[in-house]
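I opened the model to look up a few positions and to note what surrounds them. My entries follow in the order in which I made them.

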Amino acid sequence: MTSYFVRRFLLILPTFIGVTILVFTLTRLVPGGPIERMLNEAALAGSEGGAVVSSGFDGRGGSVLSDEQIAQLERYYGFDKPVIISYFEWLGKIFTLDLGTSTRYTEPVWETIKSRLPISIFYGVATLILTYGVCIPLGIVKAIKHKTVFDNVSSALVFFGYAIPSYVVGIACLTLFAANLEWFPLAGFVSDDFDDLTTMGKALDILDHAVLPLIAYLAGSFAVTTLLMKNSLMDNLAADYVRTAIAKGMAFKRAVFAHACRNSLIPLATSFGNTITLVITGSFLIEKIFNIDGFGLLGFESLVERDYPVVMGILVISSLLFLVGNILSDICVAFVDPRVKFGSGGSNQ
Amino acid sequence: MPLLAIENLAVSFETDEGIVDVIDGVSIDLAEGETLGLVGESGCGKSVTALTVMGLLPKPAGRVVGGAIHFDGRDITSLTSEELSTIRGRDIAMIFQEPMTALNPVHRVGNQLAESYRLHHPEASKAEIREESLKLMDHVGIPAAEQRLDEYPHQLSGGMRQRVMIAMALSSKPRVLIADEPTTALDVTIQAQILELLRDLQNEYGMAIVFITHDLGVIAELASRVVVMYAGRVAEAAPVDALFASPKHPYAQGLLASIPRLDSEPKSLLPTIPGVVPRIEDLPDGCRFSNRCAHARDACWTDKPAIESVATDRTVACLRWRELEQQAAASA
C-alpha cells in the first residue's frame, strides 16, 4: 500500500510537466500578450485624444515603439527564444519556487496569488463544510424516510437548486436581498471600514458579506452528494449484514448508524479529495457578481488580460492541488474501506 | 406445548402487480431441542417463513395478514419491534445463506462478534467480551482465534465466515437456531464440516434447530422431522424416516424420486418434477401443485386440500393421498 502511494506521488511530476507544457505552449500560440498590451498603452499615452490604432499585432509597424525597443521587450519576456527553451527556463524557476512576475501588476505572481488565497480558502472551506454538513444528514434522513412527503419535498428543493445556474442564483439574491431589501451588503469580501472594527465586528462583517455568495455557491451543490448518500445508504440498508445486525437483536436505528452509514460513505470518499481542490479554485462568475477578489476572478482576469505568468502560476497551484486531491481521495477510500488494497496482490472484492 | 408454534400463518407481499399471498396457512411446531428440516424448491416460502419468525420481513412490502407465531407462550407477531429485539438474537438466532454478505465488510470480525455478545450482556466488560469471543471462536472451530478476531471478513474463507456467523448466533445461547441454507454457498467438504459442527453444538447447547434447505441429503443427515413446503403451503410434515420410507404427497414423492440412488441403473435419466413453480401471482386456485402433478384431477384445480392427519405427528395436504396409496399398494 505504501509503495502504491509513493508511486502515485512520483507520478505527479510527469503529469504536472504534461499539463504545464500544454498550457505554456497555448499561451504562445494565442494572439495578444504583454507586449501588445504595452504597445496599446504606449499608443494611448502618446496620442492623447488622437486616433489610436489598437490591435497590437498588425499595428506594430506604425507603433510608437521602435523595432529595437520591441526586440528588447521580447528579450525581457523571453519571447525571443523557442517555446521549449523558455518553458524549461520557466520550469527551472518553478522548482526554486519562483513563479515569475505579473505583467499586469508588475509584482511577483506569488504575492498576487497569496493576497487572494485567504478569500478563496474561506469560501472553499465554508462551502465544503456546509455541503457535507447538510448532504450527509439529509441523505440519511431521506433514505430512512424514503418516499415520504419529507423525502419528496426535499428532493424537489435540491433539484430546483441544482437546475438553476449558480450565477442566476447569485444575481437573484443580490437583486432581492441586497438591492431591494437591503438586508445584506451589495458586494465585496469585507466593508470599507473593516480595519476599524473589533474582532467580533470583523467576524460579523465577513459573515454578513458571505451569506449571499455562499447561497449562490451552495444552491446547486446539494443535489449530487445528497442523492449519492441517500441511494448508497438505501443499498446498504437492504444489505445482508444489516439484516444480520437486526437478527442479532440490534434496534433498526442503531443498525443504521453502526453498520450501514460507514459503508455508505465509501462512494462519497471517492470524490472527497477532488472536492477540496474544486472549491479552492472557486467560481469566477460568482466572484465577479459579488465582486469578491478570489482565485476564480483572478484567473479569469489574468486570462483576459493575457497576464501569462499569473495564468501559469494559478495553473501550477490548481493542478498540483488537483493531483494531490486525487491521491487524497484514494487515501480516504482506503481509510473507510478495509477491503481496498492498492497496489499488487490486493484483492478488491 | 411446543417451544415455537407457527399457527396458520399468512404473509402477503405488496408488489407492483398487487398483493400476493406468499405464505398461506402454514402451521409448524418445533419442540425444545429438536431439529426440524424445512425443505422445498426455491421460492416456496421457506425463507419468508423464517424471516417472519425473526420479524425480519422486508418492510413495508411484507406483512403478516393472518395466524400467529407462539414462542414460549407469547405471540411474537403482535410484539413491537423493541419487544422483538429482546427475543431476536437472544432466544431465537439465525444464520444466513451467504456468509460472504451477511458480515459487514468494514468492521473487524471481533467487533461484530463482540457486538452480538454485548447486545445481550450489556453489563459485560471489555475483557470479558474478548475472552468470551475467543471461547466462541474456538468453539466453532476457528483456528488462531486471537488473530482472526482482528481480521476483516474478506480475509476469511467462506467456511470460516459461516463459522463466525454461527459463533455470533451462539453468543447468547439461543433456544432456537434458524439456519437458512447455511451450507448452500460452501464447498461440499466444508458443508460436511459445518453440518458436523451444528450437530455437535446442538448436543452441547441443547437448542432446537430449524434447518432450511433444498438438499434432502442434508435433511436425512441432520433432521429428526421434516416439513415439505410448496408454493407457500405445507405439503407434508413427517418424521424424517417415515417421509423417506413412504412419502404421501405427490410433491414429496417427486422430490425423493429426483435424488440419485446408488442402486439405480448407471447413466439412466434422473426423474424430475415437470415444470417450474408457478409465479406467485398465477398460482392454481385449488391445490397449488395441481399444474405439475401427475395425479391431478378436476377437483384438485378447484378445491384447496385440507391438512389431514396421516398418523401421529404426520400430516399431508393432498385431496387424493388415500386413493393414491391404495393404488400403490394394489400395484405392488
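This is a predicted model: local features need pLDDT of at least 70, side-chain atom pairs count only at pLDDT 80 or more; totals for chains, interfaces and linings use all residues.

I looked up Val106(B) and found that it counts as buried, at 1% relative accessibility. I use buried for under 20% relative accessible area, exposed for over 50% and partly exposed for in between, with a 1.4 Å probe and protein chains only. Val106(B) sits in the loop between helix 3 (99-102) and helix 4 (109-120) of chain B. Helices here are DSSP runs of H or I with at least four residues, numbered from the N terminus.

Residues are numbered from 1 along each chain as its sequence is written, chains are lettered from A and ligands numbered from 1 in the order in which they are written, and side-chain values use heavy atoms, with hydrogens and water left out.

Rings of Phe, Tyr and Trp (its six-membered ring) pair if their centres lie within 6.5 Å; planes under 30 degrees apart are stacked, over 60 edge-to-face and the rest tilted. I noted Tyr123(A) and Tyr217(A) as a tilted pair, because their planes stand at 35°, with the ring centres 5.9 Å apart. Tyr123(A) is in helix 5 (residues 109-144) of chain A and Tyr217(A) in helix 8 of chain A, so this pair ties together parts 94 residues apart in sequence. I have both down as buried: Tyr123(A) has a relative accessible area of 4%, and Tyr217(A) one of 15%.

Phe159(A) and Tyr162(A) make an edge-to-face pair, 6.4 Å centre to centre and with 80° between the planes. They are three residues apart in helix 6 (residues 149-163) of chain A, about one turn of the helix. I found Phe159(A) partly exposed at 40% relative accessible area, and Tyr162(A) partly exposed at 46%.

I also recorded a cluster in which ring pairs link Phe24(A), Tyr87(A), Phe88(A) and Trp90(A).

My last entry concerns Asp196(A), in the loop between helix 7 (166-180) and helix 8 (199-219) of chain A. Asp196(A) is exposed, with a relative accessible area of 67%.

Definitions and conventions: Helices (H or I, at least four residues) and strands (E, at least two) are DSSP runs, numbered from the N terminus.
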